[in-house]
Amino acid sequence: MLEIRNLAKSFGGVKATNDVSLDFPDGSLTAVIGPNGAGKSTFFNLITGALRPDSGQVLLDGVDLAGRSPPAIVRHGIGRAFQVANIFKSLTVQETMLAAVSADQRSSAVLHKRFPLPETRDRAEHVMELLGLAGKRNRTAATLSHGDQKLLDIALALVLEPKVLLLDEPTAGMGPEERWRMIDKVRELWETQKITVVFIEHDMDIVFKIAPKIVVLCYGRILATGTPDEIRNNSAVIEAYLGTEHAGAAA
Amino acid sequence: MTELEAGRVRTLVPARNGAVLQRYRDVLIALIAFAVLASLPLFTGSKALLDFVIRCSAYGLFATSLNLLVGYTGLTSFGHGMFFGLGAYSFGLIMQKLGVPIPVAFVATLAITAVIAAVIGAICVRLKDIYFAFVTLAFQMLIHSTILSWASFTGGDQGLRGGIPRPAFLGINLANHVHLYVASCALLILGLLAMRQIAQSPFGYTLRMIRDNAARASFLGIDVWRAKLTVFVLAALFAAMGGMVMALFVSGAYPEFAYWTISGEGIFINMLGGVSTFLGPMVGTVLLLLLNDTVTRFTEYHGIVLGVVILFFALGLRKGLLDFVAEWFSHRRNTGEGR
């Protein structure tokens with residue numbers, strides 16, 4: 001269980017994350033939405049250690065991880081993928097996966113054996129199959145399509161076998177069709193891997209269709225949390241964020 | 001065993017063999033290279049040729065170790081030459097002042113280099129890009145001026161005079177030219193083999209990840225600072241090995257060995273030979289020394305000629321010679337497959 005307690009972060013006078021408390025039960029799938037500048041990415045950066053919170057706690061199974069370094073937090077089981085595919089451009093898909101498993105197995109500093117270590121193969125293979133990258137295993141990451149690079153980024157997070165997977169806009173920069181394919185993949189991963197998934201998403205159709213629970217952020221605060229129906233009918237949300245879009249969709 | 005498990009074992013076995021085979025192949029290539037180099041004195045009496053190979057050994061170890069930083073980790077050090085100088089001076093001073101057997105001085109020099117590199121590295125590897133380059137350069141200048149000003153210990157600008165004693169050990173007499181030649185070749189081949197192992201180990205791939213995207217590597221649980229410091233120290237050890245070969249060769253140590261121009265030559269060699277292949281710096285070493293030796297014979301303005309050559313590689317090819325060859329081969333193979 002991931003529990004966020006009174007998390008806060010300011011940049012100068014701007015409260016990017018303002019007293020946020022949330023619970024993400026094991027095996028839940030949650031969408032985080034909010035207008036631009038609502039503090040969604042900052043929220044992820046605070047949880048994963050990319051930024052240091054000013055105050056508050058990030059509890060994973062009761063252990064407070066707030067303020068620890070990214071490697072320490074990853075090793076406790078919080079993996080993340082990025083808004084812009086964050087990959088190793090000169091490595092092949094397979095090398096990327098094998099090296100990531102090495103890192104997770106604490107063998108990334110081994111000098112006397114040859115890469116790849118035999119014990120890293122099964123996990124790398126499994127995740128490549130899972131994300132449909134096995135056929136492109138020998139492609140250099142830089143030569144992959146945008147969508148495949150995003151998948152590789154997610155694969156990097158997933159291959160570490162995290163308890164919690166944070167996906168920062170998995171569909172960013174994709175066309176409508178590709179978006180649905182990606183989000184179906186995310187849902188499939190959530191169902192088969194039985195991990196806690198939290199994702200940021202802009203496309204309302206996608207969010208309302210697949211997320212059992214939604215968190216709405218606005219100006220660094222939680223505006224509302226609930227099921228898609230609750231959010232759809234929440235007056236504060238409609239006013240602050242959804243009003244115009246829904247009017248457009250109805251027309 | 002289920003069918004699925006059987007299938008998995010079948011795909012695993014050749015893969016495991018692949019990594020092991022690659023290691024055997026490297027050892028085999030090293031053995032052949034050593035056999036060829038070591039048998040050279042049987043076919044030629046040319047002292048100049050053997051001297052050339054000894055200098056290639058010293059510079060080759062140094063340049064290849066620099067490539068572990070530049071090519072594999074993306075750490076462009078402008079001060080790597082300090083460890084070349086440190087190796088030469090430590091070894092020379094230990095032999096002159098303590099008179100211990102050569103292998104003892106060799107190991108002691110590596111130990112001293114490791115400690116100093118760990119201290120300097122701990123400060124430098126936190127820095128990025130140009131800041132890393134310039135702080136390493138600053139440390140190089142610090143060591144160089146220490147050598148110059150501590151004249152009572154280091155001989156100042158005269159260098160370590162009076163020759164380095166080279167007592168025989170285990171039947172090897174490094175005062176003998178052929179013995180020195182074979183020992184230099186052996187150190188070169190062993191050093192290259194060890195660096196190849198580092199480059200192809202899981203740690204070597206950690207370095208590549210850091211080069212490509214250090215931030216992402218840290219989100220995989222990798223301690224980037226520790227990995228950078230480790231490779232900084234390892235590279236320093238091989239640079240010191242190069243410095244020791246040089247000290248044995250000239251039977252002395254001179255401030256020029258620790259001057260920034262040595263680091264500059266290391267960068268130059270890497271640009272000439274290329275940083276995308278393991279042997280690129282070795283090719284670059286041979287090219288640079290050949291150029292140096294031939295050009296200085298014809299003109300005193302050899303700096304101009306070398307400058308033109310480096311411009312040709314940097315602006316014309318935009319890569320080193322071996323990068324160019326490797327790309328050409330992979331291009332040819334790809335078009336061949338397409339047919």
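**The contact and the fold**

Analyst: The contact takes 33 residues from chain A and 28 residues from chain B, where two residues are in contact if their C-beta atoms, placed from the backbone, lie within 7 Å. This is a predicted model, in which local features need pLDDT of at least 70 and side-chain atom pairs count only at pLDDT 80 or more, while totals for chains, interfaces and linings use all residues. Residues are numbered from 1 along each chain as its sequence is written, and chains are lettered from A and ligands numbered from 1 in the order in which they are written.

User: Switching to chain A, what is the order of the open sheet of four strands?

Analyst: The order is β2-β1-β4-β5 (chain A), with antiparallel pairing, and two strands pair if DSSP finds at least two bridges between them. The edge strands, each pairing on one side only, are β2 (14-24) and β5 (63-64) of chain A. Strand β1 (residues 2-11) of chain A pairs with strand β4 (residues 55-60) of chain A over five bridges in the antiparallel sense, and L2(A) stands opposite L60(A) in β4(A).

User: Which strands does helix α1 of chain A touch?

Analyst: Helix α1 (residues 40-48) of chain A packs on the sheet and touches β1, β2 and β4 of chain A.

User: How many helices and strands does chain A have?

Analyst: Chain A has nine helices and ten strands. Its C-alpha trace spans about 60 × 40 × 30 Å along the principal axes.

User: What about confidence, say the average pLDDT of chain B?

Analyst: Chain B averages a pLDDT of 87, with 94% of the residues scoring at least 70; pLDDT is the predictor's confidence in each residue, from 0 to 100. Over residues 1-14 of chain B, however, the pLDDT is below 50. Where pLDDT is low, the predicted coordinates should not be read in detail. For the complex, the predictor gives an ipTM of 0.85 and a pTM of 0.87.

How values were computed: Helices (H or I, at least four residues) and strands (E, at least two) are DSSP runs, numbered from the N terminus. Axes are lines fitted to C-alpha atoms, for helices over the stretch in contact, and angles run from 0 to 180 degrees between N-to-C directions.
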